[in-house]
Amino acid sequence: MSQLLQAIRGMNDILSGDAELWEQFEQTIRDWLAAYGYRPIRMPLVEPTALFVRAIGEVTDIVEKEMYSFEDALNGEQLTLRPEGTASCVRAVLQHNLLYGGAQRLWYMGPMFRHERPQKGRYRQFHQVGVEALGIPGPDVDAEQIAMCARLWDDLGLTGIRLEINSLGQGEERARHRADLVAYLEQHQAMLDADAQRRLHTNPLRILDTKNPALQELVNGAPKLIDYLGEASLKHFEGVQQLLRDVAIPYQINPRLVRGLDYYNLTVFEWVTDQLGAQGTVCAGGRYDGLVAQLGGKPAPACGFALGIERLLALWQEQGHRHDAPVVDAYLVHQGEAAGRFAFRVAEALRGRGFAVHLHCGGGSFKTQMKKADASGAAVALIVGDDETAVNEVSIKPLREGFEQPVTQYRVAFDELADTLGELIFPMEDDNGSL
Ligand code: ATP
Ligand code: MG
């Protein structure tokens, strides 16, 4: 026998049970987004590499070392599996001139790919829900996106996720801060680790969110970007905070929150939990007013965020959320060739009446089939043998306690089966006439 093939490291199968939990989560997400007037958009998983280099920035972790890039063997194009969705979303909005129709509130959900070291909460294929508002300068939409997240935690019954916010100001403000920051770090160059040395002249802002404990004191003493913000940036930041206070959403200003992607300005935010170990950021986002123009569009303000689905689901389970395996209404067992054909017809007829039916396939004795029926959790077993087939009837055997109907096996005519089953399985609904 040849060796079994394995999935790629850091790219996971989501098996039944978990997959149903994902579906439940996704349904909550759809309802939540609709309540805020966001509409879905779907972009390709593969884009020209240049899109991400231009949007995310040459000297970011993602572009420097995390992208799955390859050459199209047929035409030599440089392509990349999307590491995030914002760049693709903005590309699509520009390509289809969507901003001519006014501001756009869009969302998408799906896999992203980054070549990282796999660990708990960090995978090479992971999934995000992305939410983007284009064409609105804020600060109202910034605050609304933050409030949206708070409501989602509520909808999911999640607690203990804290909000950190910061303002990255505008380009000129960051440039003045950067000059002072580099001067400060140069004075302490001997203390910097290799990563910080490398970033000192390429992306010094990123040094501020280093996870190296040895650098904490140094970065705590560094010049703070917030002290360089001008009047307009401060007013925008204060506007966001005012709206958050108005709806009683607690927040903490974290002057070291700088985000890993280059396209952000003004508002940035992260939602963080302490219950998932090192990978505690479940949601991150902010304003990216420069990106539309950077990708060749007429300048337009924009703001968005992404939820890390794996991390949120881990937290959801950590906090006790369980998903019961779905069960069918009826499990249909049968024996004999004519009975098999009759059973197939019965199953289709019942599904046509809205019942979930598991038709036993693959043969076996009545006894083993009934064991499967029991294990399935179905409310009833339906039994079709030669006797039943000959007279166009089906035997019903209730499998669960608590029915008012007789609990032993009894027969009904094929034509009456759906009505009888309805009364048996949904007696309350039937009383209300809503079946
Ligand atoms: P981190 O600092 O954890 O690497 P990031 O700044 O790279 O995060 P973003 O690009 O802002 O992350 O992505 C938004 C969210 O997507 C993160 O907050 C996280 O919840 C999730 N996420 C990012 N990378 C991964 C990954 N490799 N595996 C699982 N989830 C991820
Ligand atoms: Mg990262």
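Which strand supplies the largest share of the shell around ligand 1? E10 does, with 4 residues. Strands here are DSSP runs of at least two residues, and helices are H or I runs of at least four, numbered from the N terminus.

This is a predicted model: local features need pLDDT of at least 70, side-chain atom pairs count only at pLDDT 80 or more, and totals for chains, interfaces and linings use all residues. Residues are numbered from 1 along each chain as its sequence is written, ligands are numbered from 1 in the order written, and side-chain values use heavy atoms, without hydrogens and water.

**Ligand 1.** The shell has 16 residues, each with a heavy atom within 4 Å of the ligand. Among the closest are Arg 114, Glu 116 and Thr 281. E6 (125–134) and E10 (281–287) each supply at least two shell residues. Polar contacts are pairs of N or O atoms within 3.5 Å:

| Residue atom | Ligand 1 atom | Distance |
|---|---|---|
| Arg 122, polar side-chain atom | oxygen | 2.8 Å |
| Tyr 123, backbone N or O | nitrogen | 2.9 Å |
| Gln 128, polar side-chain atom | oxygen | 3.0 Å |

The protein covers 89% of the 590 Å² of accessible area that ligand 1 has on its own (Shrake-Rupley method, 1.4 Å probe).

**Sheet.** An open, mixed sheet has 5 strands in the order E13-E12-E14-E15-E16. Pairing requires at least two DSSP bridges. E13 (357–359) and E16 (410–413) are the edge strands. E15 (393–398) and E16 pair antiparallel over 4 bridges. Ile 396 stands opposite Tyr 410 in E16.

Key
A polar contact is a pair of N or O atoms within 3.5 Å; within protein, one must be able to donate a hydrogen and the other to accept it, and residues adjacent in sequence count only if both atoms are side-chain atoms.
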